[in-house]
Amino acid sequence: MRTLVICIDRDNDLGEKANVSSPIKGREDNIKAAVELATVDPEDSDSNTIFGGINVLNELHSKGIDAEIVTFAGDKNVGVISDQKIVVQLDAFLEENDITNAIFISDGAEDETLIPIVQSRVKIDSVKRIVVQQSANLESTYYILKNAFNDPKISQTFFVPIGLTALIYAIFLLANYPEGAIIGILAAIGAYMLYRGFNLDQPFALLRERMKGSYYEGQMTFVTNTIAIILAVIATMIGAVTLWKYFTAGGGWYYGLITLFTVFINVTVWWYVIAILFANIGKMVDLKINDHFSIKDVSPSLFITAMGLLFWGASTYILSVSALPGASDVPDLSLQYFIYSVVGAIIIALAGIKTSLKESFSDTQRKVKKGKKDKNKN
């Protein structure tokens, strides 16, 4: 029986500040790592967490219990990425060592979110939170605010909207167009609030990690994803410029918000479709190189093309019956385009479904044949 004392550094302060790689195994290495971190940043609570784990380890040894201490560090991108790195380290350690139970050491609620993940792999007997005692003068409002603003997670949330607002206002003043500053500021803050509201930090962080991995591994997806991002930016700019042209000509209430939104879809839909297709093509090329490609991987590209055709046809018809300048003067012709786009989308989607089902059927046949061979061998 062996007890494991687990210390967690979810945001990888050990690696970012003290340049210490994890996992950190054993009493001496953990003391050395805690001292390194405390020397670089005396106010970081992770060093106290490790010292708290050392204290628990000493108590277990004094009672004659076979125990060991390990510190696992995650990533500065706290969330899915950091938790995945900790899980990989934990699984590797448990495979190499015979551990029956654990004691979880943390410095707050953030680290304790990993308790269910750790508990799914090893039994946790106890959870100990290390709380640092401070003198009254250090608990003043100034000290709390100062340390809060030094935290990148808090400072980014607080300073980014203010800095963005000031920057946009300065740009419009420089362009002698102060009236547009209000629109720009509202649009920027609205986009930032949507970004935070939909919690897009993790998807963007995962995208960045995948791009980095594909770059260092020499994969085609790095090039095609870069092209896709550039095309998406170009599409957004084209759509925004077109919307701005109609908005300044007649205003949003003159044309109607639905009409303006339809304009954006109509002028950008094929740009976005081509961008997604580039990303899918890069993925298929990498799968082909690694001998993991199957005809089923073509299905997403077919479905994206079908959706693009459908949105283009629908938006073209809506604009033809609207009062928008430059739209088709022949609604009947636009209606034909819409009907053709619906039929074409259905045909392309059916081709994607057939491709997917064909591959699934082939997989089932291979499994049945393999099962018969195994049965005959037995």
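The lining of the second largest pocket is made up of 1 nonpolar, 4 polar and 3 charged residues. Asp, Glu, Lys and Arg count as charged, Ala, Val, Leu, Ile, Met, Phe, Trp, Tyr, Cys and Pro as nonpolar, and the others, Gly among them, as polar. The model is predicted, with local features needing pLDDT of at least 70 and side-chain atom pairs pLDDT 80 or more, while totals for chains, interfaces and linings use all residues. Residues are numbered from 1 along each chain as its sequence is written, and side-chain values use heavy atoms, without hydrogens and water.

The pocket holds about 250 Å³ of space. Its lining consists of Leu-207, Arg-210, Ser-214, Gln-219, Thr-221, Asn-225, Lys-283 and Asp-286. Two or more of the lining residues come from each of α10 (201-216), α11 (220-250) and α13 (257-289). The most come from α10, with 3 residues.

Helix α2 has 14 residues (27-40), which at 1.5 Å a residue should span 20 Å; the end C-alpha atoms are 20 Å apart, in agreement. The expected span is 1.5 Å times one less than the number of residues.

| Class in α2 | Relative accessible area | Residues |
|---|---|---|
| Buried | under 20% | Asn-30, Ala-33, Ala-34, Leu-37 |
| Exposed | over 50% | Glu-28, Lys-32, Thr-39 |

The buried residues of α2 fall within an arc of 100° seen down the axis, so they line one face of the helix. Those buried residues pack against α1 (13-17), β2 (24-25), α3 (45-62) and β3 (67-73), where contact means heavy atoms within 4.5 Å. The exposed residues Glu-28, Lys-32 and Thr-39 are on the other side of α2.

Methods: Helix = DSSP H or I, 4+ residues; strand = E, 2+ residues; numbered from the N terminus. Buried < 20%, exposed > 50% of the residue type's maximum accessible area, 1.4 Å probe, protein only. Arc of directions from axis to C-beta. 1 Å grid on protein atoms, 1.4 Å probe; cavity = no way out; pocket = protein on both sides within 12 Å on 5 of 7 lines; lining within 4 Å. Points joined across faces, edges and corners; volume = space filled by probe spheres on them.
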